[in-house]
Every structure is written in structure tokens, then in C-alpha cells.
Amino acid sequence: MAKTATKTAGKSAVKAAAKPAAKAAAKPKAKAAAKPAVKATAKAAPRAKAKPAKKPALKLSMLKPSVNNMTVRVFARAAGFDHAETDAWGHTRSPEFMARNPAHLTPMIEDKGLPRGVLWESCAIMQYLANKHGLEKFYPKAPAKRAMVDSAMFYLIGTLYPYVARATYPALGFPHYAGEVGHSDAHPDKKSEAQKAAMTAIAEPLEVFHSFFRDGKPFIGGKHPSIADIRLAATLEFLAVIDYALPTWAKDYVAAIEKKLGKAYSEPAGDVRSYIAHVKSQAKA
């Protein structure tokens, strides 16, 4: 009886073992049979043609060492525009460039919506793009808030930036505008006096930005940097070339904008900072 039971148990075990093996053997065959059919179907399907890459809607001609240009480069990135940048260094006086931009200035954008196809001046570019694309967090629509942003930008262009240019352009190796002391045939001592006077004058408009335009807020735009904040922060970058002692609030302010905007700010700022470092290293050599 024991032998019979053992034989019976053994046969059962063999059968039980054979079933999974048979199933396992059957599965690969089924998969193998299925593969050619899939391949045949794939081959039969017509190949989709690759779509040509879209050309950037916005073209920006710029100069990397310039804070005016940095302003628009930061804004374009922060706003998330699909844009293409062209380094116009050495080409702004070319016949091709002058034909489009007789002022030979950068930054310059090319956009289909513009009456003449191009636009220069950093603040005007930011205003235009913010208006066109409804970017209220950078440029508010409410008249009173917008007026404050505009006022801050125009005060910067008309008052602060001329001081910054007079104080920093000699060290940066940038040409002065016609009429400036640095551009004239005045004695070097007079030019040096004008530069020092400009450095001294910077403190007053800086304090105006702090006490009036920010008025206890993180930025001129409130909780988020506006186009006026981008323009001001970029302008302050140039002061490093003369080792200007920025007040603590200004250092913290620029750092806060860079933290808020991330790479959109740090990448263009890196080009300006690299140029300043190069200029200072050359001066020490």
C-alpha cells in the first residue's frame, strides 16, 4: 500500500510540475509569435514627418557687459519668452544694423507687432512686452500702481543712471555720451573731479528709491519685482567696478531680486559681473 501511495503521489507530483512548465513553455512561444505581427504592423504604418522647429517670435540684439542690456535679458527670461539673443558687439555701426536702428543702440528687439519692426531703450522694451502679453505682475494695470513703476524708472533714467555712468564708465572703458565731462577735452583733473562728484551724488537718489518707492515693501512692485526693480537692480551691478559701498538695504534688495527670479537674473548678471572682474584684474596688472 505504501508503495502504491508513493507511486500515485509521485505521478501527481510529476503532473503538477509538468503543468507550470508547459504553461511557461507556451508563453514564450505566444510572445514570439506575437512579435513579428507587431513589427509588421509598425513597418506598415507610414512614418510621421518631423515638424520644422519654430523660429523664436522675439529677437533680441544685445551687449553682454551692459546693464541696460542685462535689464531686458533678465526680463525676457523671467517672463518666459521664447526669444533668441544675438551678441551685437562690434556690429551696431554696421550698415545692416543702422538700416534698422539709426540710433545704433542696444538692447534692441525685433517683433512683428511693432510699426517699424524694431524697438530700443530697455524700459520701453519692457513696457511694450508687458503690455502686449498682459504681464501685470511685472507691470501693473492699475493706473496709480503703474504710475509709481513708471516714475521710478524715469527717475532712474533721468537722475540715478547719469550719476552711475559718470562714476563708472571711465573704469569700465565705455565711451561717454557727447556733452559729458569724460567725453570732453577737459583736463584729466577736471574729469576726475566730475567722477568723484558723481560718486558722491549717487547716495541721494538711492535713498529716494529706498524710502519713497519701496516704502517698506520688498520691491517697488510690492511682493514681486516689477520692471522698475529689474532696471534698478541691474544698474546697481555697475557700482562694483568702483567698489562703491552700497548701503545694506541695497545689497539685500539685489540679493532678494536674484533669489526671486533665480537663473533669469543670475545668468545675465553673471556676464556683467565677469566683465567687471576682468576690468578690475586688468587695472591691477
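Trainee: At what angle do the axes of helix 6 and helix 7 cross, and within what distance do they come?

Mentor: Two packed helices are described by the angle between their axes and the distance between the axes. In this predicted model, the axes of helix 6 (residues 188-201) and helix 7 (residues 203-214) cross at roughly 20° and come within 5 Å. Helix 6 is therefore roughly parallel to helix 7. Axes are lines fitted to C-alpha atoms, for helices over the stretch in contact, with angles from 0 to 180 degrees between N-to-C directions. Angles under 35 degrees count as roughly parallel, over 145 as roughly antiparallel, 65 to 115 as roughly perpendicular, and the rest as oblique. Helices (H or I, at least four residues) and strands (E, at least two) are DSSP runs, numbered from the N terminus.

Trainee: Which residues of helix 6 and helix 7 make the contact?

Mentor: Met-199, Thr-200 and Ala-201 of helix 6 meet Ala-203, Glu-204 and Pro-205 of helix 7; contact means heavy atoms within 4.5 Å.

Trainee: How do helix 9 and helix 10 cross?

Mentor: The axes of helix 9 (residues 248-261) and helix 10 (residues 263-284) cross at roughly 125° and come within 6 Å, so the two helices are oblique to each other. Val-254, Ile-257, Glu-258 and Leu-261 are the helix 9 side of the contact, and Lys-263, Ala-264, Tyr-265, Ser-266 and Arg-273 the helix 10 side.

Trainee: Where does helix 5 bend?

Mentor: Helix 5 bends by about 45° at Leu-156; the bend is the angle between axes fitted to the seven residues ending there and the seven starting there. Just after helix 5, Gly-173 has a positive phi of about 80°.

Trainee: What conventions apply?

Mentor: Residues are numbered from 1 along each chain as its sequence is written, and side-chain values use heavy atoms, without hydrogens and water. Local features need pLDDT of at least 70, side-chain atom pairs count only at pLDDT 80 or more, and totals for chains, interfaces and linings use all residues.
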